[in-house]
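Please look over the sequence and the structure shown here before reading on. The report below is meant for a reader who has not seen them before.

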Amino acid sequence: MGARAGRAAVLLCAVAVVVPVVGGAPAAVAAVPPAAPAAVDWTVTTVDPAGRPSISRLTGTTPVEAAGVVRTLRYAGYRTTVERSVTIRPAGLSNDTWRPAQWHLTKYKAESVWAKHPGTGVVVAVIDSGVDRTVTDFAGILLPGKDYFNAGGDGGVDLIGHGTAVAGFLGAKANNGSAGAGLAQGVKIRSFRVFDRGSGNDAILAAAIVDAVDSGADVINMSLGGPGLSTALRTALDYAIAKDVVLVAAAGNDGEKGSPVHYPGAYPGVITVAATGFDDTVAPFSTRSPRMDVAAPGWDVTSVAPRNGRTDGSGTSYASPIVAATAALLRAQHPAWKAEQVAKQITSTAFDIGAKGFDVSSGYGLLDVQRALGDGCGLPCAQPEPAGLVVAVKVPAYVRRGGLVTGFVSVTYDKRPVGATPVRLCVTDTRRVCTAVRTNAAGRVPLSRFMTSPTLRVEATADVAGQYDGDVVDVLDGLQVRVRVVSGRVLVAAPEASGQTARLWRWDGSAWVDHGIRTLSADHDAVWAGLVRPASYRLDVGAGGGAPARIVNPVWVP
C-alpha cells in the first residue's frame, strides 16, 4: 500500500510540472492556430501497475496541452486517459421545504434498531460538501477525511450544509439532548469534501472515491451526481467494487424533468436510491431509472445542520444515507458478508410499493430496515390502517421574499375530515407566531401570509381525543356494532346483542396485545378503559358456540 501511495504522489507531481513545459514549447505554440478552442478543465486518469487509479485535474488547459500531458505519461509507461471534466452537483439542494419532525425514524422504529444493532466497527465515507465537525451530534463520530479545496483539510468544514445533513441522517448521535439523530448508531464517518459552495467535478469525485477506499471505508455514500460517466469515475467505481466496498448513491431529483441518466447512481454495482414521502409514495421529483434499486424516506425530512442547527428538506440526497446507514448496520451484523450480499439483503427485503415487482420509480420497493436486519414482519405490520389523526400542511415548496403564500391546513381522522376542531397553528417567518384556530366544515383552515423572509415554516397540531363516532359495522348476521372513542376509552354499542363477546387487541409495533374480553349487551355499552394512547386497536366480535369471530379492524385511540 505504501509503495502505491508513493507512486500516486509522483504522478500528480509529474502532471503539475509537465503542463507549463508542454504549453510553453515552441512546437506546441506553432500547432495551435488563432481559432483554437479556448482552454478548459480536463480530468486525467492514470492507473498504476497495481491497479490503483490516480485522478488529477488540468485547469484552464488547451486540448494540445492536455494531449502533451497524456503523451508524457504514456511514454513513462502509465495507462492514461484525459477527457473534458464533467460537472456534478449535490442531489438535494433544489427541493428544500420545512417539516417539524424526523418521521422516518418513527417509521423504522429507530429506538429498537439502536438497542439491537450497534454499528460499531464500521466506517462510512460521506463524499459531499463536508461535515461540520463543530456539531454536537458528531462528537466522537468523525474520523479525519479529506478536503479537496483546502490543502491539509480533513473534511470537517461545510459551507452549504448539504453534507452535514446527509451525515446526520446516517449517524448523528442519539439521546444526547440534541435535535437530530441518525439511523446507524455507533458507526464512524469520514468526510470527503468535494463541493465548495456549489458544484464540483468528476475528477475530484473520482479521487475521493479512491481515497475513501484506501482509508478503509466499508460503505461510501454519494448524495450527488451528474449526467456524464467519465473514464475517471468509471475507473474509481470499479476500484471500489473490486475492493468490496458497498456503494450507495442518490438517484437524482429530475423526475419532473425527463429523468436523465444520473451517475454514479446509474452505474452497475451502486445501490441507487429513490425518495419517498410520509405516505410511502415516490416523490414526483425523484428520478426514474431502470437502474433503480430501492426507495427510502426523502420527502419532507429533518436532519442536523451546521453550527448545531436543523434542516428540513427533500431530495434523493436525504434518502441515500438512510440506505447507507442500513448497509452499515448489516456490515456490522454480518462482517463476513460481501458487498453484493449486503445489497441483495436490502433489495430482497424491500416492501413493494409500486407496480408489482421491480419498477423504475422505486426499484424493488421501499427500504424495510426491520426486515433487512431480521427483526420481524417489517413495514406492512408496522403500519396498520387507518392512519388515525392526520394534520397536513399544504403550502408552496418555495416562495420568494415578498411573495404571498396561500395554502391550507387539513385535519382528518380515520381519513375523514374533522370539522369545527381546535388547531394550534404556528408560522415561522422572521419569528415564530402561534395562534388557536378552528377547522371549517371540510376540516380545513385557510392559510394566507405575506412573506418577509425567503423561508417559511408552518406547524399544526390538533386534538380530537374528546370523542369520535365510527361507522355502524355489520359484523354478524343480525348484529351491528358502533365503536366510539371517548376520552381514551373504547365504547362498543350493540343494540341487538344477545350475549356475544368482543375482545380488544392493541398493536405495539410488532404484535397484537390482548386488552381483555367483554360481553356485549343490548342495554349498555361495553367499555375498555386504561388504554395505551395513542395506538391502533382491533376489535374481535364472537358469535358464540364456537363460531369464528368477525373483526372490526382497526380502531384508532388518539
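## The chain as a whole

This is a predicted model. The chain has 558 residues, and 51% of them are buried. Its secondary structure consists of 12 helices and 30 strands.

The accessible surface of the chain is about 24000 Å², and carbon and sulfur atoms account for 54% of that area. Among contacts in the chain with a separation of 6 or more, 66% are between residues 24 or more positions apart.

## Strand E11 and its cover

Strand E11 runs over residues 246-250 and is mostly covered, with five of its five residues buried. Which residues lie on each face of E11? On one side are Val246, Val248 and Ala250, and on the other are Leu247 and Ala249. Both faces are covered, as the residues on either side are all buried.

E11 pairs with strand E9, which spans residues 219-222. The pairing is in the parallel sense and has four bridges. Val246 of E11 is the bridge partner of Val219, and Val246 is also one of the buried residues of E11.

E11 also pairs with strand E12, residues 270-276. Here too the sense is parallel, over four bridges. Ala250 stands opposite Val273 in E12, and Ala250 lies on the side of E11 that holds Val246 and Val248.

Note on methods: Residues numbered from 1 in each chain as written. Predicted model: local features only at pLDDT ≥ 70, side-chain atom pairs only at ≥ 80, totals over all residues. Heavy atoms only, no water. Buried < 20%, exposed > 50% of the residue type's maximum accessible area, 1.4 Å probe, protein only. Helix = DSSP H or I, 4+ residues; strand = E, 2+ residues; numbered from the N terminus. Pairing = 2+ DSSP bridges. Contact = heavy atoms within 4.5 Å. Areas by Shrake-Rupley, 256 points an atom, 1.4 Å probe, with all protein chains shown as cover.
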